[in-house]
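I opened this notebook page to record what I looked up in one structure.

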Amino acid sequence: MEQLKIEKMRQFYDLFPYPNRPLMISPNIEAHLTAHGGFAQLLLQGRLLLAEKLWNLAVKFSKGNLELSKEEWNALLIEMEEAFPKSKRILLVGCGTDEPLLFRKLHPQNEIIGIDLSRRAIQKARKKISFHSIINIITNHKKFKKVEFLLGGAEMVLPEKALGSFDFIQCFGVLHHQPDPLSILFPMVERLNAGGILRLMVYSYHGRKLERRIQSRYSHVWNQFLQKKRFRIEILLKYILLRFWQFLNFLGFFSSTGQRFRYLGLGSVSVADALMHPSDPGWPLPYIYEQATQLGLELIYCEGKLEKEGHILGFENPILAWNKIVEGDKNQELLTNPILIFRKASKVE
Ligand SMILES: C[S@@+](CC[C@H](N)C(=O)[O-])C[C@H]1O[C@@H](n2cnc3c(N)ncnc32)[C@H](O)[C@@H]1O
């Protein structure tokens with residue numbers, strides 16, 4: 001039963017690889033400084049001021065008003081590389097199409113392995129790295145180091161001891177799609193070295209009830225996925241209709257949904273991911289913390305944005321911040337999907 005759900009998900013991501021941005025678009029490391037392994041290490045070392053500075057720089061860059069000299073920028077990168085040296089191993093679980101390139105740019109020398117269920121997602125990720133490696137040779141006279149990819153369900157791949165152990169595991173936008181999130185969370189913790197970092201992004205739970213209701217309208221189509229031809233035609237028709245609705249909604253034709261689904265923009269993948277996903281049961285936020293701590297993980301940071309309070313950042317007291325985020329989600333005030341950073345405190349029994 002669960003295997004069938006995962007198979008539907010594989011079909012989905014083969015049809016709609018995520019985020020599937022154009023080949024020439026490369027993620028900016030400046031906007032993703034907090035994804036660097038060094039950010040988590042700074043938190044562990046108690047260097048909170050520098051970590052907060054990185055967070056602020058990333059936000060400023062995203063808003064387009066970052067002014068940093070090349071020297072300042074290089075000095076920051078050196079600090080982060082010292083905190084997270086090139087000997088450390090990185091694993092990306094459910095890596096999608098763009099994350100491997102982002103991590104290769106953030107960590108030019110580290111060993112990086114990406115796991116994904118979808119063959120097409122991995123093909124696109126590989127192409128993206130090759131393309132930008134050529135650009136890097138032209139502009140910096142340096143080729144990108146390889147990223148290794150493993151095709152398959154993480155619940156099957158992660159228990160393989162041959163993978164070895166990792167210092168940093170990122171699993172973004174993946175756990176809430178699993179019929180059994182623990183089937184991935186548990187082996188990820190096993191693959192972490194003691195003191196290693198697990199960085200997660202999970203969907204808000206209560207805030208996405210409407211999305212889940214809409215997705216259920218498409219469930220009968222996904223149930224036909226073994227009848228290949230009929231399935232493809234039906235999915236294509238439904239997708240075209242959804243894109244048409246998305247376009248009109250973007251132009252403000254529907255007052256009831258205009259504001260609520262503004263975040264979809266005009267992107268071709270975002271609308272399928274939000275509204276047609278075959279496996280999006282959600283994962284109630286309180287369980288994540290509870291289960292993570294039971295597995296020997298210690299929360300060292302979290303972030304989310306609430307409607308009234310703005311950004312909630314867990315630099316000083318991550319547990320208090322997390323409780324606020326969970327409460328905000330319950331009140332449907334959580335505007336972003338929360339990010340959590342854990343440290344593996346001890347060996348899992
Ligand atoms: C929403 S995308 C996120 C991609 C990437 N992490 C990011 O944040 O851009 C989810 C990805 O996880 C992969 N995925 C979902 N379930 C998986 C599983 N059980 N094992 C391996 N990959 C999985 C999908 O194929 C898809 O590429």
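The entries below follow the order in which I looked things up.

Entry 1, division. I noted at the outset that the model is predicted. I found the protein divided into domain 1, covering 2-201 + 282-344, and domain 2, covering 219-275. I recorded 27 Å between the centres of the two domains, taken over C-alpha atoms.

Entry 2, interface. I asked how many residues of domain 1 are in contact with domain 2. Eleven residues of domain 1 touch eleven residues of domain 2. I noted that domain 1 and domain 2 bury about 1,100 Å² between them, with 74% of it on carbon and sulfur atoms. On the side of domain 1, Lys8, Gln11 and Phe16 lose the most area to domain 2, together 48% of what that side buries.

I looked for salt bridges between domain 1 and domain 2 and the rule gave zero. I found one residue pair in polar contact across this interface. By class, I listed seven nonpolar, two polar and two charged residues on the side of domain 1 that touches domain 2.

I counted 20 residues around the ligand, and Gly94, Asp116, Ala154, Glu155 and Phe172 are the closest. I then looked up nitrogen atoms of the ligand. One lies 2.7 Å from a polar backbone atom of alanine 154. For phenylalanine 172, I recorded 3.0 Å from a polar backbone atom to a ligand nitrogen. Glutamine 178 places a polar side-chain atom 3.0 Å from a nitrogen atom of the ligand. Taken alone, the ligand exposes 600 Å², and the protein buries 94% of that.

Methods:
Residues numbered from 1 in each chain as written. Predicted model: local features only at pLDDT ≥ 70, side-chain atom pairs only at ≥ 80, totals over all residues. Heavy atoms only, no water. Domains from an automatic or database assignment. Contact = heavy atoms within 4.5 Å. Buried area = accessible area lost by both parts, 1.4 Å probe. Salt bridge = Lys/Arg side-chain N within 4 Å of Asp/Glu carboxyl O. Polar contact = N/O pair within 3.5 Å; in protein donor to acceptor, adjacent residues only side chain to side chain. Nonpolar A, V, L, I, M, F, W, Y, C, P; charged D, E, K, R; others polar. Near = heavy atom within 4 Å. Areas by Shrake-Rupley, 256 points an atom, 1.4 Å probe, with all protein chains shown as cover.
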